[in-house]
Amino acid sequence: MQQECDVVIIGGGPAGSSTATLLAERGHRVVLLEKDTHPRFHIGESLLPANLPLLEKLGVAKEVAEIGMLKLGATFVSPWHDHIAGFRFSDAVDKSMPSAWQVRRSEFDEILFRRAARAGAETRERVRVREVDLGGRA
């Protein structure tokens, strides 16, 4: 398949979809390719407070909040030690971000992928990239 565009992004997960959104909003012709169909199963996702400003910038903060479970901190349990370490986000140096979200990854990825389409990226699902021809350019 030959496609005229400025940017082709292979992979419709959080990084690919977010990049597609930001580039499309800046007027670039973006094609975002995903080998599966959304929603698709993936493990995760435990977001951190620093993710929230990016979700605002992408225009999906409200949608993510609707599917998320409020997360006020994190706890780390080691299989090799009896010690459990935990912290609250509100105790961090930057007090402006006291919480985050725990989300189902399939729903999170779909929100970001659909947002890329609304931003103007051409999104295609069930497209497996097997070869890329840069036409002699690197």
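**Entry 1. The order of elements.** I read along the sequence and wrote down the pattern β-α-β-α-α-β-β-β-β-α-β. The model I am looking at is predicted. I count four helices and seven strands in the protein.

**Entry 2. The whole protein.** I looked up the overall extent next. The C-alpha trace spans about 55 × 35 × 30 Å along its principal axes. The radius of gyration is 18 Å, whereas a compact globule of 138 residues would have one near 14 Å. I then checked burial: 31% of the 138 residues are buried. The accessible surface comes to about 9,200 Å². Carbon and sulfur atoms hold 54% of that surface.

I also asked how far along the sequence the contacts reach. I took contacts between residues at least 6 apart in sequence, and 69% of them join residues at least 24 apart. Last came the charges. The protein has 19 positive and 19 negative charges, and their mean positions are 1 Å apart.

**Entry 3. Helix H1.** I moved to H1, which covers residues 14-25. H1 has 12 residues and reaches 16 Å from its first C-alpha to its last. That is close to the 16 Å expected at 1.5 Å a residue.

Which residues of H1 are buried? I noted Gly16, Ser17, Ser18, Ala20, Thr21 and Ala24. I recalled a rule about helices here. An α-helix has 3.6 residues a turn, so residues three or four places apart point the same way.

Then I asked what the buried residues of H1 pack against. I found two strands, S1 (7-10) and S2 (30-34). I also found two helices, H2 (51-58) and H4 (105-118). Just after H1 comes Gly27, with a positive phi of about 90 degrees.

**Entry 4. Helix H4.** H4 was on the list of partners of H1, and I went there next. The 14 residues of H4 should span 20 Å at 1.5 Å a residue. The end C-alpha atoms of H4 are 20 Å apart, so the span agrees.

I listed the buried residues of H4: Arg105, Ser106, Phe108, Asp109, Ile111, Leu112, Phe113, Arg115 and Ala116. Their cover includes H1, S2 and H2. It also includes helix H3 (61-67) and strand S7 (122-125). Gly120 follows H4 and has a positive phi, near 115 degrees.

Entry 5. I picked Arg105, which is in H4. Is Arg105 buried or exposed? Its relative accessibility is 14%. Buried means under 20%, so Arg105 counts as buried. I then looked up what Arg105 touches, leaving out residues up to four places away in sequence. The partners are Pro14, His42, Ile43, Gly44 and Glu45.

Ser106 also lies in H4. Why does Ser106 count as buried? Its relative accessibility is 14%, so it counts as buried. Setting aside neighbours within four places in sequence, I found Ser106 in contact with Pro39 and Arg40.

**Entry 6. The loop between S2 and H2.** Pro39, a contact of Ser106, is in the loop between S2 and H2. A cis peptide bond joins His38 and Pro39, with omega about -5 degrees.

Glu45, a contact of Arg105, is in the loop between S2 and H2. Gly44 and Glu45 are joined by a cis peptide bond, with omega about 20 degrees. Gly44 is also one of the residues that Arg105 touches.

I looked at Ala50 too, which has its place in the loop between S2 and H2. Is Ala50 buried or exposed? Ala50 has 57% relative accessibility, so it counts as exposed. I also took one distance from Ala50. Lys71 is 21 residues away along the chain, and the two C-alpha atoms are separated by 13 Å.

**Entry 7. After S7.** My last stop was Arg126, in the segment after S7. What is the phi of Arg126? Phi is near 60 degrees, a positive value in a residue other than glycine. Gly27 and Gly120 were the glycines I had noted with positive phi. Arg126 has 69% relative accessibility, so it counts as exposed.

Methods
Residues numbered from 1 in each chain as written. Predicted model: local features only at pLDDT ≥ 70, side-chain atom pairs only at ≥ 80, totals over all residues. Heavy atoms only, no water. Expected span 1.5 Å × (residues − 1). Buried < 20%, exposed > 50% of the residue type's maximum accessible area, 1.4 Å probe, protein only. Contact = heavy atoms within 4.5 Å. Rg over C-alpha atoms; globule rule 2.2 N^0.38 Å. Areas by Shrake-Rupley, 256 points an atom, 1.4 Å probe, with all protein chains shown as cover. Lys, Arg positive; Asp, Glu negative; His and termini not counted. Charge placed at Lys NZ, Arg CZ, Asp CG, Glu CD.
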